[in-house]
Each structure stands twice: as structure tokens, then as C-alpha cells.
Amino acid sequence: MGEALAQARLAGGAGDVPVGAVVLSPSGEVVGAGRNLREVAGDPSAHAEVVAIRAAASSLGTWRLDGCTLVVTLEPCLMCAGAILQSRIPRLVLGAWDPKAGATGSQWDVVRDARIGSKVEVVAGVRAAESAALLAEFFEARR
């Protein structure tokens with residue numbers, strides 16, 4: 001989570017919402033890192049999770065990220081929950097919950113929906129206070 005928080009700080013420093021993510025290999029090695037790049041890249045799909053998943057797939061040479069873990073500072077949205085399922089990531093570690101748009105346990109629970117068939121293990125609340133503080137500081141500065 002430390003590396004994901006570092007990525008979030010980079011995103012916030014560049015004017016994007018401070019969310020960061022890393023993908024860990026089955027052995028625990030960082031194989032992909034990402035931060036929100038929507039403003040920087042002008043890309044609505046450039047969420048931290050998608051950027052990290054793309055980097056991991058490139059690093060590993062496969063889109064199937066079986067056995068990997070996605071670590072992210074904020075609960076993934078619907079799009080990112082879909083990307084988790086599509087990339088076959090079995091484990092998600094998140095910092096802060098997103099009560100407005102979260103799709104992995106708060107508003108929706110897409111990654112554990114029985115109708116889909118996939119079950120992603122969700123570990124929530126890891127360094128949640130730090131993750132939430134980054135977001136609060138970012139939005140307070142813009143009000």
C-alpha cells in the first residue's frame with residue numbers, strides 16, 4: 001500500500017484525483033504501477049487501477065493476471081471492477097471505501113456477484129486513514 005500511496009501523491013501533484021494502484025505478482029513483486037491520469041492524458045479510462053493493470057499485463061506478457069493482487073488507495077468504480085474481473089485478478093486490497101461510486105463492496109459488489117461466477121477476495125481498510133486524507137486534502141484545496 002505504501003507504493004500505491006506514493007502513486008496517489010504523484011497523481012494529486014499533477015492535478016489529478018490522488019488515487020494510486022499497484023499490481024503484485026504471486027510472489028509479491030510489483031509488476032505494474034499506476035495513478036490517475038485522466039487530466040494528464042485526457043483519457044476518461046485512465047484510472048489508477050486500469051493503468052496499473054495495463055502495466056502488469058505488459059510486464060508479464062499476458063492479460064491473465066491469475067494469482068496477482070491489485071492494491072489501490074480507493075475502492076474501485078464499476079469500470080475498474082470490470083477490469084479486475086476481465087484480467088482475472090483474484091485478490092483486491094483497498095484503502096478507503098468510496099461511498100459514492102464504489103463497486104467492490106460499498107455501493108455495489110460487482111467482484112463478488114454470484115451471477116458473474118468470479119469471486120474476488122476483498123481486503124479493505126488497509127491504511128484507510130492515509131488514503132482518505134489524501135483525497136480530503138485534494139478536494140478541500142479545490143473548494
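Reply: What follows goes through the sheet, the helices, the cores, the salt bridges and the cysteines. Keep in mind that this is a predicted model.

Me: What makes the pairing in the sheet mixed?

Reply: The sheet is open and has five strands, in the order β2-β1-β3-β4-β5. β1 and β2 run antiparallel, joined by five bridges. β1 and β3 are also antiparallel, over four bridges. β3 (residues 69-74) and β4 (residues 91-96) pair in the parallel sense, over five bridges. Both senses occur, and the pairing is called mixed.

Me: How do you know that β1 and β3 count as paired?

Reply: Pairing needs at least two bridges. β1 and β3 have four, so they pass the cut-off.

Me: Why are β2 and β5 called edge strands?

Reply: Each has a single partner strand, so one side of each is left without a neighbour in the sheet. That holds for β2 (30-35) and for β5 (121-123). On average, neighbouring strands are turned by 15° against each other, direction ignored.

Me: Which residues stand opposite Val23?

Reply: In β2 the bridge partner is Gly32. In β3 it is Leu70 that stands opposite Val23. Elsewhere in the sheet, Val72 stands opposite Leu94 in β4.

Me: Which residue takes a positive phi in the hairpin of β1 and β2?

Reply: Gly28, with phi near 95°. The hairpin has five residues between its strands.

Me: What makes β1 mostly covered?

Reply: Four of its five residues are buried. Buried means under 20% relative accessible area.

Me: Which helices touch β1, and how do they run?

Reply: Helix α1 (residues 2-13) lies across β1 (20-24), β2 and β3, at about 145° to β1. Helix α3 (residues 48-60) packs on the sheet and touches β1, β2 and β3. The direction of α3 makes about 150° with that of β2.

Me: Which residues have the most contacts inside the largest nonpolar core?

Reply: They are Val19, Val23, Ile53, Leu70, Ile84, Leu92 and Val111. The core has 32 residues. Elements giving two or more residues to this core are β1, α3, β3, α4 (78-86), β4 and α5 (128-141).

Me: What is Ile53 in contact with, leaving aside its neighbours within four places in sequence?

Reply: Val23, Leu65, Ala83, Ile84, Ser87 and Ile89. Contact here means heavy atoms within 4.5 Å.

Me: Why is the Arg91 and Glu121 pair called a salt bridge?

Reply: The cut-off for nitrogen to carboxyl oxygen is 4 Å. The closest N and O atoms of Arg91 and Glu121 are 3.3 Å apart, so the pair qualifies.

Me: How many salt bridges does the structure hold?

Reply: Four. Another one joins Arg112 and Asp109, with N and O atoms 3.0 Å apart at the closest. Glu130 and Arg127 meet in one too, at 2.7 Å. Arg112 is partly exposed at 33% relative accessibility, and so is Asp109 at 29%. Glu130 has 33% and counts as partly exposed. Arg127, at 38%, also counts as partly exposed.

Me: Why are Cys68 and Cys77 called buried?

Reply: Cys68 has 1% relative accessibility and Cys77 has 18%. The limit is under 20%, so both count as buried.

Key. Residues are numbered from 1 along each chain as its sequence is written. This is a predicted model: local features need pLDDT of at least 70, side-chain atom pairs count only at pLDDT 80 or more; totals for chains, interfaces and linings use all residues. Side-chain values use heavy atoms; hydrogens and water are left out. Axes are lines fitted to C-alpha atoms, for helices over the stretch in contact, and angles run from 0 to 180 degrees between N-to-C directions. A nonpolar core is a set of buried Ala, Val, Leu, Ile, Met, Phe, Trp, Tyr and Cys residues joined through side-chain atoms within 4.5 Å. Buried means under 20% relative accessible area, exposed over 50%, partly exposed in between (1.4 Å probe, protein chains only). A salt bridge is a side-chain nitrogen of Lys or Arg within 4 Å of a carboxyl oxygen of Asp or Glu.
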